[in-house]
Amino acid sequence: MIDDVAKEYLNRQLTWTRQALVWKLDGLSEYDIRRPLTATGTNLLGLVKHVATCEAWYFGEVFARPFPEPLPHWREADGSDMWATGDETREDIIGFYQRTWAHADKTIATLPIDAPGHVPWWPTPEVKLFTIMVHVLQDTTRHAGQADILREHLDGRTGVSAEYEEQPDETARATVRAKIEAAAQAAAGGQTRAGVQGAAGAAGQAGNADEGVVEAGL
């Protein structure tokens, strides 16, 4: 009985986190969902593509239930699952994600929570379904958190779903940010770390330039 409760809970949390991640694309332009927003190129649509590919592997190959569509082989992973090509549409990638989670949910429903699996790319490859459910939930939650920050950077929208979203109070946000900045400077004796500030400044200047491009295109 406790196994069924644990499996249901983990699956419910995974479903909720998947939906939250997809929602982070809502209302954004094609450019904004694809543009690299960090030094390593992290972008919103790429996060969705990445977690979709991972679910297809973990709830497919690992349990000898291969996902029925072509996938890059794990040995050949080259980071291409982290960004969308020009001919991959938003609908393509979201649809792919929805199909992978339907396949994953079927694997979860079909197998007992202690069903054995094999992850050839892990140092200790022998696993149980429980292990993979926790791992995928953790990974999806981590990437959903990245999406939270990226979306806030783009247009200030925050929250986990449209149902719970609150309209931003820009005055209140500016007040809180100023208070935190003052505390940071006070702790540093009024000085900032030049090396970190320089890197952040360069990133900020690039981000401002990008925002000008986006605003011109809207």
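Helices are DSSP runs of H or I with at least four residues, and strands are runs of E with at least two.

**View 1. Overall fold of the predicted model.** Seven helices and two strands make up the chain. Read from the N terminus, the order is α-α-α-α-β-β-α-α-α. The chain has 218 residues, and 35% of them are buried. Among contacts with a separation of 6 or more, 75% join residues 24 or more positions apart. The chain exposes about 12800 Å², with 58% supplied by carbon and sulfur atoms.

**View 2. The largest nonpolar core.** This core holds 24 residues. Leu-21, Leu-25, Leu-44, Leu-45, Val-48 and Tyr-97 have the most contacts inside it. Two or more residues come from each of α1, α3 (44-58), α4 (90-110) and α5 (129-155). Helix α3 gives the most, with seven residues.

**View 3. Surroundings of Leu-44.** Residues up to four places away in sequence are not counted here.

**View 4. A nonpolar surface patch.** Trp-16, Val-160 and Tyr-164 make a patch of about 320 Å². Trp-16 is found in helix α1, which spans residues 2-23. Trp-16 counts as partly exposed because its relative accessibility is 41%, between the cut-offs of 20% and 50%.

Technical notes. Residues are numbered from 1 along each chain as its sequence is written. This is a predicted model: local features need pLDDT of at least 70, side-chain atom pairs count only at pLDDT 80 or more; totals for chains, interfaces and linings use all residues. Side-chain values use heavy atoms; hydrogens and water are left out. Buried means under 20% relative accessible area, exposed over 50%, partly exposed in between (1.4 Å probe, protein chains only). Contact means heavy atoms within 4.5 Å. Accessible areas come from the Shrake-Rupley method with a 1.4 Å probe; for residues, only the protein chains shown count as cover. Patches are made of residues with over 30% relative accessible area and no salt bridge: like charges are joined within 9 Å, nonpolar side chains (Val, Leu, Ile, Met, Phe, Trp, Tyr) within 5 Å. A salt bridge is a side-chain nitrogen of Lys or Arg within 4 Å of a carboxyl oxygen of Asp or Glu. A nonpolar core is a set of buried Ala, Val, Leu, Ile, Met, Phe, Trp, Tyr and Cys residues joined through side-chain atoms within 4.5 Å.
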